[in-house]
Amino acid sequence: MQLDIDAEQKLPLTRRLESQTLRQNIRPYPEYDSFANYQFDNRQLSMPVADLTLQHNFNVRDLHGENETRSNYSFYQLDTGMLAGGLDVYASFFGDSENKDYGPRARITAGRTFLDEPKNALNLVNFEMGDITGYNSTLFNNSANGRGVFASSFKDLVLSADKTIDISGPLSAGWEVELYLDDQLIAFRQAGINGRYSFPNIPVNYGLNRFKLVFYGPYGEIQTEERNFYSGTSPVKKGEFGYTFNAYQKDHYLLEDNEPWLNPTNKPTIDFMGYYGLNDETTLISGLSQTYNSATYDLQTFGTVGAQYIYDGASLQYNTLFDFTDANIGHHFDIQGDVKIGTIFARYDYYGEMEVPAAYYNDEFMKDIAEVRLSGNLPYLFVPYYLSYVERNSQDAEKYQELHTRLSPNFMRYYNLSIENILSKAPQGNTDYLLLLLQAQYGRLGFHSQVRTNISPESYVQSLNQQIDYRWDKNTYFQFNWDHDYRSKYSDLPDVDTFSVSAGRIFDFGGLNLGVSYDTDNNASVMLTYNLSFGKVPGESRVFTDAETKMSKQAAIYAKVVDENEKPVENTKIQISGLQEPLTTDENGGVLISDIEPYQKTVLTLDQESIEDIALVPEFDEKKLVLRPGTVYPLTIKCSHRGGLEGYLTGRANLSSYRVILTDKAGNSTSKSPEDDGSFIFENMVFGEYVLQVVTHEGVLLHKQNVDVHEAFYTLAEAIRL
């Protein structure tokens, strides 16, 4: 029983109960995402799959002018993925026509994510070796690029000091992507440059963050990827030890004969962070991090000792930073938790004279950084919002301030709006600009608008972008872009308009994308891109091709549906979690299901109603799998013909007291009692010959005959008279 008291000041007990209710779903440490009921792809070896990309660009500068220049540029890339020795092996070979003095370059990586239960003795979850890229220092966000090794006992833990992450990945021509946090749209972006999408500096909330990426393909495809990240909670339980470790040689690669413009070093760069759960509320933290100075590029070594404490659903963390190179000391403190209107995060970093990458801003090192963030949904309106304030003070006593606000209402499906305002104050001057994004999708027609307005020191529209795309059919798309840059507002140059048209078409031999662009500065370009993914159908001699996707880093399934005689079952629909539309088996009974997120929970469902033969029943209607990147997982779904047998008993009273027994050739029997009227039905019986017997309750045989179940619903021609 709870007593609510209406008073100007709430009692401590009332505050505590409200806090517990607000944070009832928060745990002091992230719950382990169990994969116990899922089947893993634990193959030691697989046939490779490959992605081929060929691109040629033709550019003309100052078209028909006095300084007209022309250029041709070609690019090629071959990406392969496979399983070798139980590891995920990925290799990329690439080159371009500008580097004629250099041959093709290569990146080769091998690794594995271990999700099996129970965990291994080293508590190892993520492992990668070879040419590693993209792993950030847990202290200072310096990205690892070079040959080396990475290992971690975590899968989805946010380790960055400022509790933000960058969500990025490949995005083919014609594709678009939305980002959701806990089913709320927080960011909409169009296709990024160089075939990638990027959502930088996305703030993560306290506890579990359920991100969902929704991809819209040029041919009507809709796919989803889920990514779960934990932040602010203790990464380990009481008595457990966790870690992240990477060591690499900067700009050194396994194959590097053709690497231009690099300055490799043989010195290993090491980054380590260890966690120990002292109890359910306290985690001890210690680590060592090496990084290159952002100004001098000298290798520096830093250490940290700290702790994280959970109190009433809030996370408090403190770290002391040691600069072993220059004997300087710094401090880091952050707190985050839930309030009624959202999630709050605050941090303070004092670097003093330390020169670390995280303190490098505007070409100088900061002395300290303070930040406060608030994000969530506006009460009653359920509109996602983001509010942050950052203050940076340089070692030269210069102050930089930034206030960032964002509202992202989602009026209805496919109609989204995002309004951002960023106000910056700096010694060089103050700036304030507004960014408006609007997206609307009506059937096959999509509209995407972006307006950037400068508010101060002078008010004017800075740029305007309008994109219109149209999905002609499953294999064809068109896209039109218009960009207007109001250059006359901030320079002596006239405004410039850029018009571009792109179109894509999937053929049997691959996918072609053509892009044509022209601007009012008399520049023009034409770009033609060819894509093709190919590999071998597991267990068969046939080779498959796929022009819609990149398969070297994604997972795929080749599912084949057959009956008890190995005869293919065509036109059967198969659904995979994350794909909106089911796929249909071909005349060989097979279907290639690509673009599946590896190392995630994947559920395959067979639509039994889509099987034309109503007597054909699959061995399962749902399969839970965990797949590997760069592979095609072979899955045979066997079906068998099953039917029902219906009959009647007559000639005696109390017919329900007798037993009807069906026995197959192998001697397996099933029995049941008739209804009061003497009717009986056997269901889900494998096609074949059976012996039917009628016996009394005491086992006395009254009737025996042979029957052949060969139809979905088979009825005995005559009633059985006892």
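What follows is a chat about confidence, strands, rings and a few single residues.

A: Happy to. This is a predicted model, in which local features need pLDDT of at least 70 and side-chain atom pairs count only at pLDDT 80 or more, while totals for chains, interfaces and linings use all residues. Residues are numbered from 1 along each chain as its sequence is written, and side-chain values use heavy atoms, with hydrogens and water left out.

Q: What is the mean pLDDT of the protein?
A: The mean is 84, and 88% of the residues reach 70 or more. pLDDT is the predictor's confidence in each residue, on a scale from 0 to 100.

Q: Where is the pLDDT below 50?
A: Residues 1–16 are one such stretch, with five contacts in the model beyond near neighbours in sequence. Over residues 22–26 the pLDDT also stays under 50, and the model has ten contacts there beyond four places in sequence. A contact means heavy atoms within 4.5 Å. Where pLDDT is low, the predicted coordinates should not be read in detail.

Q: OK, strands next. How many bridges join β2 to β3?
A: There are 13 bridges between β2 (residues 49–61) and β3 (residues 69–84), and the two strands run antiparallel. Two strands pair if DSSP finds at least two bridges between them. To find your place, look at Val49, which stands opposite Gly81 in β3.

Q: What about β3 and β4, how many bridges there?
A: Ten bridges, again in the antiparallel sense, with β4 covering residues 87–96. Met82 faces Val89 of β4 across that pairing, standing opposite it. The hairpin of β3 and β4 has two residues between the strands, and Gly85 there takes a positive phi near 65 degrees.

Q: In what order do the strands of the four-stranded open sheet come?
A: The order is β44-β43-β46-β47, with antiparallel pairing. β44 (669–672) and β47 (701–709) are at the edges with a single partner strand each, so one side of each has no neighbour in the sheet. From one strand to the next, the twist averages 20 degrees, where axes are lines fitted to C-alpha atoms, for helices over the stretch in contact, and angles run from 0 to 180 degrees between N-to-C directions.

Q: How many bridges link β43 and β44?
A: Four, between β43 (residues 659–663) and β44, in the antiparallel sense. Val660 stands opposite Lys672 in that pair.

Q: Which ring does the charged end of Lys672 sit over?
A: The ring of Phe682, at 5.2 Å from its centre. A charge sits over a ring if NZ of Lys or CZ of Arg is within 6 Å of the ring centre and within 35 degrees of the ring normal. Lys553 has its charged end over the ring of Tyr90, 4.3 Å from the centre.

Q: While we're on rings, how many aromatic pairs are there?
A: Nine. Rings of Phe, Tyr and Trp (its six-membered ring) pair if their centres lie within 6.5 Å; planes under 30 degrees apart count as stacked, over 60 as edge-to-face and the rest as tilted. Phe35 and Phe40 have ring centres 6.2 Å apart and planes at 55 degrees, so that pair is tilted. Phe680 and Phe682 form an edge-to-face pair, 6.1 Å centre to centre with 70 degrees between the planes.

Q: Are Phe680 and Phe682 buried or exposed?
A: Both are buried, and so are both Phe35 and Phe40. Buried means under 20% relative accessible area, exposed over 50%, and partly exposed in between (1.4 Å probe, protein chains only). Ring pairs also link Phe35, Tyr38 and Phe40 into a cluster.

Q: New topic: which peptide bond is cis?
A: The one from Ser456 to Pro457, with omega near 10 degrees. Pro457 lies in the loop between β28 (445–456) and β29 (460–473).

Q: What phi does Asp363 have?
A: A positive one of about 65 degrees, although Asp363 is not a glycine. Asp363 is exposed, with a relative accessible area of 65%.

Q: Last one: what does Thr283 touch?
A: Not counting residues up to four places away in sequence, its contacts include Ser234, Tyr275 and Gln308. Thr283 is in strand β16 (residues 282–292) and is buried, with a relative accessible area of 0%.
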